[in-house]
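Please open the model in your viewer and keep the sequence panel beside it.

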Amino acid sequence: GIIMKTKQLSTFERMMANKKRKAAFDKGYEEFLLSELLIEAMEAEKKSVRALAKEAGVSPAVIQDLKSGKKTNVSVKTLLPILHALNYRLAFEKIR
């Protein structure tokens with residue numbers, strides 16, 4: 001006879017099958033991405049928290065909180081000057 005092998009799911013795959021857990025993971029991942037993007041861009045542009053804040057017209061606390069992940073909900077009005085000061089722009093991409 002034919003023996004069918006089923007692939008064993010990893011713990012991560014089982015967690016992602018749960019819609020609530022996947023939504024929570026996706027939200028956390030997006031927040032992590034913003035922090036990582038900011039850190040990487042600041043390093044690439046050799047900009048300190050204070051220098052970036054001054055150029056973007058925001059307080060150093062805003063930059064530090066975004067960089068550390070403490071602040072994750074940022075308005076476009078605040079984000080755009082920060083991105084511009086780091087030589088980035090905001091782009092919308094259709095996904096479906």
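**The whole chain**

Begin with everything shown as a cartoon, and keep in mind throughout that this is a predicted model. The chain contains five helices and zero strands, so that, from the N terminus on, its elements read α-α-α-α-α. Of the 96 residues, 21% count as buried. Among the contacts with a separation of 6 or more, 52% are made by residues 24 or more positions apart.

**Helix α5**

Next, select residues 76-85, which form helix α5, and show the side chains of Leu-79, Ile-82, Leu-83 and Ala-85, which are buried. Why do these residues lie on the same side of α5? They do so because they cover an arc of only 160 degrees around the axis of the helix. An α-helix has 3.6 residues a turn, so residues three or four places apart point the same way. Now turn the view to the face of α5 that is directed away from its buried side, where you will find the exposed residues Lys-77 and His-84. Just after α5, select Asn-87, which takes a positive phi of about 65 degrees.

**The largest nonpolar core**

Which residues have the most contacts inside the largest nonpolar core? Select Leu-38, Met-42, Leu-52, Val-58, Ile-63, Ile-82 and Leu-86, which have the most contacts within this core of 17 residues. The elements that contribute two or more residues to this core are α2 (19-45), α3 (49-56), α4 (60-68) and α5. Stay with Leu-86 and display its surroundings: leaving aside residues up to four places away in sequence, Leu-86 touches Leu-38, Ala-41, Met-42, Glu-45, Lys-47 and Leu-52.

**The salt bridge**

The side chains of Lys-47 and Glu-55 meet in a salt bridge, with 2.5 Å from N to O, and the structure holds one salt bridge.

Key: Residues numbered from 1 in each chain as written. Predicted model: local features only at pLDDT ≥ 70, side-chain atom pairs only at ≥ 80, totals over all residues. Heavy atoms only, no water. Helix = DSSP H or I, 4+ residues; strand = E, 2+ residues; numbered from the N terminus. Buried < 20%, exposed > 50% of the residue type's maximum accessible area, 1.4 Å probe, protein only. Contact = heavy atoms within 4.5 Å. Salt bridge = Lys/Arg side-chain N within 4 Å of Asp/Glu carboxyl O. Arc of directions from axis to C-beta. Core = buried A, V, L, I, M, F, W, Y, C linked by side-chain atoms within 4.5 Å.
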